[in-house]
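Please keep the model open beside the text as you read.

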Amino acid sequence: MQFWEDVEQGLKDIETVYPPSQTQSESQRPNLNSMDRIRTFAQTAQGILPPPLPSAPGHQPSPEHMPGLTAQPFWDITSNAIQFPWASKLEENWHIIRQELDAKLENEARAAALAKQQQQQQTLGGGKNSIFSGDSAWQNNVMGAGWSAFRLQRLGVWNGDNCQQFPQTTELLRSLDIPFAVRGVCFARQQAMSGVQPHSDGRNFILTSHLGLKIPKGCWMKVGEETRGWEEGKLTTLDTSFEHSTGNPSEEDRHVLIIDFWHPELTEVEIKALEFVYDLRNKFESGQVPFRKPRRILEQEKKKKMEQGLGLAGMWNGLFSKK
């Protein structure tokens with residue numbers, strides 16, 4: 001398959017930048033530049049290796065799986081300043097994000113009221129004046145009609161137009177050196193009296209933090225077999241490779257800021273490799289990579305032509321060779 005051939009070539013290129021370190025004892029000191037887990041990930045994703053097994057109740061890892069990572073439904077990241085130095089700083093400055101969100105929602109409410117007066121079918125929940133919309137058709141199917149998002153960053157790329165609407169939030173996030181993962185950053189709204197059905201995102205190498213912004217009473221999130229709520233100004237962090245669901249039984253919308261970041265047990269070279277794989281996948285899916293025959297087939301065709309050429313040459317030599 002062309003995609004996985006290109007992945008393998010990219011991994012080889014990464015290895016030239018991160019050559020395997022010379023260790024006196026591999027059993028005593030792990031090789032931080034090893035690509036072994038990445039290649040296991042690639043083989044599992046292709047179906048060459050069997051799919052991963054759950055490591056705990058409610059765990060539903062997908063074939064896109066990195067072996068050897070800690071798996072638990074919830075993570076308390078603010079108490080671990082060594083692995084997550086950005087978490088407490090984000091909580092300390094959460095009011096900046098809340099103020100910008102409040103201002104945006106108030107502007108939308110005024111626009112929606114004006115639209116209603118003009119008898120147009122626009123509402124704060126999903127009209128043309130709302131910043132929130134379904135993030136994708138897949139997410140609408142999985143997340144339900146009550147969930148919607150406003151994305152600031154994805155695949156390492158900041159959405160300039162969207163970030164201009166939240167300049168202080170964007171500046172804060174970019175200043176914290178958060179190891180953003182492929183799904184990036186978005187505001188997420190859960191409409192009143194709605195919820196997200198149980199599902200798993202599958203990928204165990206990404207953790208997800210929800211920063212509570214506007215949390216009505218009674219909102220909940222279940223991950224694995226554990227249920228928690230959100231707190232305004234606090235981070236709730238989960239591993240979305242566990243089955244998870246949410247509910248908002250109140251009469252108000254719930255708003256959080258969602259941040260996806262790399263699992264702390266990944267090495268630098270593994271992160272670079274995963275970034276490459278998913279950036280390449282995005283290019284394939286968006287048609288940015290031209291189609292070509294897989295190298296394996298090209299090599300087979302080349303070999304066949306060579307064999308045919310040698311066969312004709314042999315016949316020619318046989319006809320004119322001296323007896």
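## About the model

This is a predicted model, in which local features need pLDDT of at least 70, side-chain atom pairs count only at pLDDT 80 or more, and totals for chains, interfaces and linings use all residues. Residues are numbered from 1 along each chain as its sequence is written, and side-chain values use heavy atoms, with hydrogens and water left out.

## Helix α8 and helix α2

Let's start with helix α8, residues 268–285. Helices here are DSSP runs (H or I, at least four residues), numbered from the N terminus. Helix α2 (residues 36–46) packs against α8 at an angle of about 30°, and their axes are 9 Å apart. Axes are lines fitted to C-alpha atoms over the stretch in contact, with angles running from 0 to 180 degrees between N-to-C directions. That angle makes α2 roughly parallel to α8, a term for angles under 35 degrees.

The crossing of α2 past α8 is right-handed, meaning that the near helix is turned clockwise from the far one by less than a right angle. On the α2 side, R37, I38 and F41 are in contact (heavy atoms within 4.5 Å) with E270, A273, L274, V277 and Y278 of α8. Sorted by class, this contact of α2 with α8 has six nonpolar, no polar and two charged residues. Ala, Val, Leu, Ile, Met, Phe, Trp, Tyr, Cys and Pro count as nonpolar, Asp, Glu, Lys and Arg as charged, and the others, Gly among them, as polar.

## Helix α8 and helix α1

Helix α1 (residues 2–17) also meets α8: their axes come within 10 Å and cross at roughly 150°. α1 passes α8 in a right-handed crossing. Contributors from α1 include F3, V7, L11 and I14, and those from α8 include A273, F276, V277 and F284. By class, the contact of α1 with α8 has ten nonpolar, two polar and three charged residues.

## A closer look at N282

N282 also lies in helix α8.

Leaving aside residues up to four places away in sequence, N282 touches R154 and L155. The C-alpha atoms of N282 and L155 are separated by 8.6 Å, although these residues are 127 residues apart along the chain.

## Cysteines

How many disulfides does the structure hold? There are zero disulfides, counted as pairs of cysteine sulfur atoms within 2.5 Å. C163 is buried at a relative accessible area of 9%, and C219 is buried at 8%.

Methods:
Buried means under 20% relative accessible area, exposed over 50%, partly exposed in between (1.4 Å probe, protein chains only). Helices (H or I, at least four residues) and strands (E, at least two) are DSSP runs, numbered from the N terminus. Angles under 35 degrees count as roughly parallel, over 145 as roughly antiparallel, 65 to 115 as roughly perpendicular and the rest as oblique.
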